[in-house]
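Hi everyone, thanks for coming.

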Amino acid sequence: TRGTVTAFSPFDARADAEALRKAMKGMGTDEETVLKILTSRNNAQRQEIASAFKTLFGRDLVDDLKKELSGKFETLMVSLMRPAYIFDAHALKHAIKGAGTNEKVLTEILASRTPAEVHQIKQVYLQEYEANLEDKITGETSGHFQRMLVVLLQANRDPDGGVDEGLVEQDAQVLFRAGELKWGTDEEKFITILGTRSVSHLRRVFDKYMTISGFQIEETIDRETSGDLEKLLLAVVKCIRSVPAYFAETLYHSMKGAGTDDDTLIRVMVSRSEIDLLDIRREFRKNFAKSLYQMIQKDTSGDYRKALLLLCGGDDE
């Protein structure tokens with residue numbers, strides 16, 4: 001993997017559990033110990049620590065973290081304790097529960113996860129919440145945005161294999177006719193092609209599209225669609241081009257300007273820390289002329305900042 005967090009060695013789940021209990025027992029909490037342990041063990045090891053914690057003390061580690069910590073630091077530590085698919089399922093559940101839907105979370109997760117990951121998330125959602133994720137999402141969304149989400153939830157994108165240049169040409173022409181050449185837009189064509197073709201095929205389609213139309217596909221989507229559908233289609237295109245570049249941009253926007261979108265910052269740092277955070281850091285440096293490390297340092301504070309910087313795993317000066 002290209003993650004910043006890998007299996008810690010030598011690992012001793014019991015010793016970590018004891019250190020965490022000691023850090024949270026009695027008056028005051030030793031936050032430093034908590035954040036050092038949880039950011040330097042991978043998720044599988046954190047699950048072992050939680051299990052040892054329960055065996056040794058008859059207590060739930062996550063419950064103790066929630067009791068002893070607060071604010072964004074608490075959210076970050078509790079997030080680190082969730083296994084990957086449960087983490088995504090939990091984020092999706094919260095995005096569609098209660099008043100108003102958080103379209104941003106639906107877009108980010110469903111545009112960036114692989115078909116295999118989406119299948120896992122749906123399964124875990126069913127186990128954890130005894131509900132069908134697709135039913136829940138269709139109940140809370142509508143129109144073409146809903147249709148694109150449903151296509152992505154099927155997770156039936158063509159597997160990557162040889163690219164058929166004839167089909168590449170055909171898809172590029174179809175997209176051109178469905179957008180730039182048409183009065184109004186045939187969204188269905190964009191949804192089908194962007195939601196089902198393989199990654200390597202679509203990369204060729206984007207190149208061919210540029211040759212035929214003189215536009216980047218992103219420019220066309222920007223002009224021809226709007227609102228949540230536009231954001232979702234753009235996220236899909238960006239992830240087809242480069243998932244790390246997509247997340248670098250997501251992180252940049254979570255901290256740029258006044259105020260920080262901490263939910264997004266935590267979600268991306270936690271969910272990518274064992275997958276491709278090294279690549280995300282590289283894209284961040286390349287595209288925004290500053291390092292992710294420096295931006296986190298400037299934008300956050302306290303134990304929350306310390307923990308995020310440890311997850312970040314280094315500065316790309």
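Let's begin with Asp279, which is buried at a relative accessible area of 13%. By buried I mean under 20% relative accessible area, while exposed is over 50% and partly exposed lies in between, with a 1.4 Å probe and protein chains only. Asp279 sits in helix H18, residues 277–288. Helices here are DSSP runs of H or I with at least four residues, strands are E runs of at least two, and they are numbered from the N terminus. Which residues does Asp279 touch, apart from its neighbours within four places in sequence? Those contacts are Arg2 and Pro244, where contact means heavy atoms within 4.5 Å.

A quick word on where this comes from. The model is predicted, so local features need pLDDT of at least 70 and side-chain atom pairs count only at pLDDT 80 or more, while totals for chains, interfaces and linings use all residues. Residues are numbered from 1 along each chain as its sequence is written, and side-chain values use heavy atoms, with hydrogens and water left out.

Now let's zoom out to the whole chain. The chain has 20 helices and zero strands. Its radius of gyration is 21 Å, close to the 20 Å from the globule rule for 317 residues, so the chain is as compact as a globular protein of that length. Along the principal axes, the C-alpha atoms fill a box of roughly 70 × 45 × 40 Å.

How much of the chain is buried? Buried residues account for 48% of the 317. Among contacts with a separation of 6 or more, 71% are between residues 24 or more positions apart.

On to the charges. There are 44 positive and 51 negative side chains, and the centres of the two sets lie 3 Å apart. Lys and Arg count as positive and Asp and Glu as negative, with His and the chain ends not counted; each charge is placed at NZ of Lys, CZ of Arg, CG of Asp or CD of Glu.

How many salt bridges does the structure hold? There are 25, a salt bridge being a side-chain nitrogen of Lys or Arg within 4 Å of a carboxyl oxygen of Asp or Glu. Let me show you some of them.

One joins Asp64 to Arg59, with the closest N and O atoms 2.8 Å apart. Asp64 is buried, at 4% relative accessible area, whereas Arg59 is partly exposed at 28%.

Another pairs Lys208 with Glu169, at 3.4 Å between the closest N and O atoms. This pair links distant parts of the chain, 39 residues apart: Lys208 is in helix H13 (residues 199–213) and Glu169 in helix H11 (residues 165–178). Lys208 is partly exposed at 23%, and Glu169 is partly exposed at 30%.

Then there is Glu218 with Arg241, whose closest N and O atoms are 2.7 Å apart. Glu218 lies in helix H14 (residues 217–224) and Arg241 in helix H15 (residues 227–241), so the pair ties together parts 23 residues apart in sequence. Arg241 is partly exposed, at 31%. Finally, Glu32, Lys36, Asp303 and Lys306 are linked in a salt-bridge network.

Next, some packing. Is Met81 buried or exposed? Met81 is buried, at 4% relative accessible area, and its place is in the loop between helix H5 (71–80) and helix H6 (84–96). Leaving out residues up to four places away in sequence, Met81 touches Leu38, Arg46, Gln47, Ala50, Leu61, Val62 and Leu65. Met81 and Leu65 are 16 residues apart in sequence, and their C-alpha atoms are 9.8 Å apart.

My last stop is helix H12, residues 187–196, where the buried residues are Glu187, Phe190, Ile191, Ile193, Leu194 and Gly195. What do they pack against? Their partners are helix H10 (143–154), H11, H13, H14 and H15.

That's my tour, and I'm happy to go back to any part of it.

Conventions
Rg over C-alpha atoms; globule rule 2.2 N^0.38 Å.
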